[in-house]
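I opened the model and kept notes on what I looked up. The entries follow in the order I made them.

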Amino acid sequence: MEERGSPDGDPARSLEQGPEGPGTPIQVVLRVRPMSAAELRRGEQSALHCSGTRTLQVSPPGGGPDVAFRFGAVLDGARTQEDVFRACGVRRLGELALRGFSCTVFTFGQTGSGKTYTLTGPPPQGEGVPVPPNLAGIMQRTFAWLLDRVRHLGAPVTLRASYLEIYNEQVRDLLSLGAPRPLPVRWNKTQGFYVEQLRVVEFRSLGALMELMQMANHIPLPLRTSRPFQLVEGLSRRRSSAHSLNQASSRSHALLTLYISCQTMPPVDPGEPPVGGKLCFVDLAGSEKVAATGSRGELMLEANSINRSLLALGHCISLLLDPQRKQSHIPFRDSKLTKLLADSLGGHGVTLMVACVSPSVQCLPETLSTLRYASRAQRVTTRPQAPKSPMAKQPQRLEMEIRQLREENRCLRSQLGQVHPKASGLSGARVAWAQRNLYGMLQEFMLENERLRKEKSQLQSSRDQARDEQRVLAQQVHELERPCRPSAPAPAVTCAPCAEHRWPTGPAHTGGSSCRRCLALRPRVAWLCLPSPHPGHPHAILTLPSSRERGVIATGLGPESWRRC
Ligand code: ADP
Ligand code: MG
């Protein structure tokens, strides 16, 4: 028996081991839907058999050996929606999205194979008739789980959603306020590919989102109202048509993205500011053989554009499998779908693919093509990375420094390891010698430290002393520069004739008194002066009397030399 696919791949378990690393493979879960009423009516046989939980056997109709395919999980037609939700490990994806990762769940398979059913449940049986909770798809279950998780997290969570479809190679905003018009897909370094002017709606409660999700995307309801569009209207606006294989066949690829941001979300690294994650659900339109579906006119055009974009997706997946090509160019630009899935396939996202197949022998060629496609996809790896907030971004220099320090640490550790007798295998004598050396170095460092500490305190005390001296000097300079003032105590002036008696100067002592020794009269003029070495000194400075003192100036002034002091 020929066997294809990956031998290991429980998606829940492998994601438990942590998404970041050299490469995380795209997780693939295979779901085989039950035979439909129409297939049973036509008496079609099943060509698929599940053996175990991870292997699918395909029996060729004309006989011959079975072909086996292995996936992360294989779910037969008897599995419930809850079983599928659990087996896919979507809760784990939700946790990762809460931690800031960009996660994608996409369904893939032939038209009518159960992709939309798996993601959103069956179409409602009428307007306003809710889908029974047990039939709710992966999306509703994820929302419910997320709501519960957020409640227990006890942190303010901002939840926003965008919803778009790629119809005939045009991106249309299903939540746009006006009539949906084609939006451009752009690229920049930080965001990668993104849709310009895409409307993002904030939801205050996930319950509201779940309620809206009760309506499936099968009802063509291009209603235009003046009030803002709700998500349900976005869902109902998605293009769908009836053909022989599916009464409500999606005619476009639909991408519903939840943007989760939380103030106190579990940080990626301790101390890191919180960042936002993404959870994207992609419901691909199914590949179809126009001859089998009987599509004509517009339906045929739609089918062609669906097939073309799926072909581009398959081509990218094939190239991503080639390690050499992966380093070079992957033609993500070939279609809008591959542009918008570029990060999920070859970038930093965490991706889960749910491949859906019909068990009928009539669908076998398409089923085999889906199985091969899915087998290849599970060998594609991504490098999941939680986006860093701009605040957390380290400048390149710091990162380099951290790298250098790590390297230094590593070297030191290995040196220490060499000193350890068991780790190094050194003889006891050599170890003792090495330890003595280390001890000696340590002592030297301690002595050096002590010496430096003393030197530092000496320098500090001499600095303080110098400051004190500077203060005293500054005071003295100030005193010296201060001019004599009337109110200040008058300095004594020596009597010129006898050079003995000292006259006090200033207005309070003007005139009247005589020298006690030579009886010379003191002049009646009060000269204000700066202290000088002695009268008559060539450098004696004369200062003019103030205006008040000018009033007491009289005639009969004393000798010229007396004007000096
Ligand atoms: P696709 O999106 O792949 O074109 P759908 O999800 O619309 O296909 O499914 C086609 C039909 O098959 C729908 O009527 C759907 O209700 C039914 N169906 C698909 N999967 C299942 C399943 N697992 N159990 C019951 N009915 C299913
Ligand atoms: Mg569908």
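How many of the residues in the chain are buried, as a percentage? I found that buried residues make up 42% of the 565 residues. Buried means under 20% relative accessible area, exposed means over 50%, and partly exposed lies in between (1.4 Å probe, protein chains only).

Entry on conventions. I noted that this is a predicted model, in which local features need pLDDT of at least 70, side-chain atom pairs count only at pLDDT 80 or more, and totals for chains, interfaces and linings use all residues. Residues are numbered from 1 along each chain as its sequence is written, chains are lettered from A and ligands numbered from 1 in the order in which they are written, and side-chain values use heavy atoms, with hydrogens and water left out.

Entry on confidence. I looked up pLDDT, the predictor's confidence in each residue, from 0 to 100. The chain averages 74, and 62% of the residues score at least 70. Over residues 5-16 pLDDT stays under 50, and the model has 29 contacts there beyond four places in sequence; a contact means heavy atoms within 4.5 Å. Residues 506-512 also stay under 50, with 15 such contacts. Where pLDDT is low, the predicted coordinates should not be read in detail.

Entry on the chain. I read off 17 helices and 22 strands. Helices (H or I, at least four residues) and strands (E, at least two) are DSSP runs, numbered from the N terminus. Of the contacts with a separation of 6 or more, 65% are between residues 24 or more positions apart.

Entry on H3 and H4. In helix H3 (residues 81-88), I found Gln81, Val84, Phe85, Ala87 and Cys88 buried. Glycine 89 follows H3 and has a positive phi, near 65°. I then checked helix H4 (residues 90-98) against helix H6 (residues 138-153): their axes come within 10 Å and cross at roughly 50°. That makes H4 oblique to H6, as angles under 35 degrees count as roughly parallel, over 145 as roughly antiparallel, 65 to 115 as roughly perpendicular and the rest as oblique. Axes are lines fitted to C-alpha atoms, for helices over the stretch in contact, and angles run from 0 to 180 degrees between N-to-C directions. Among the residues that meet are Val90 and Leu98 in H4, and Trp145 and Leu153 in H6.

Entry on glycine 109. I located glycine 109 in strand S8 (residues 102-109). Glycine 109 counts as buried because its relative accessibility is 4%.
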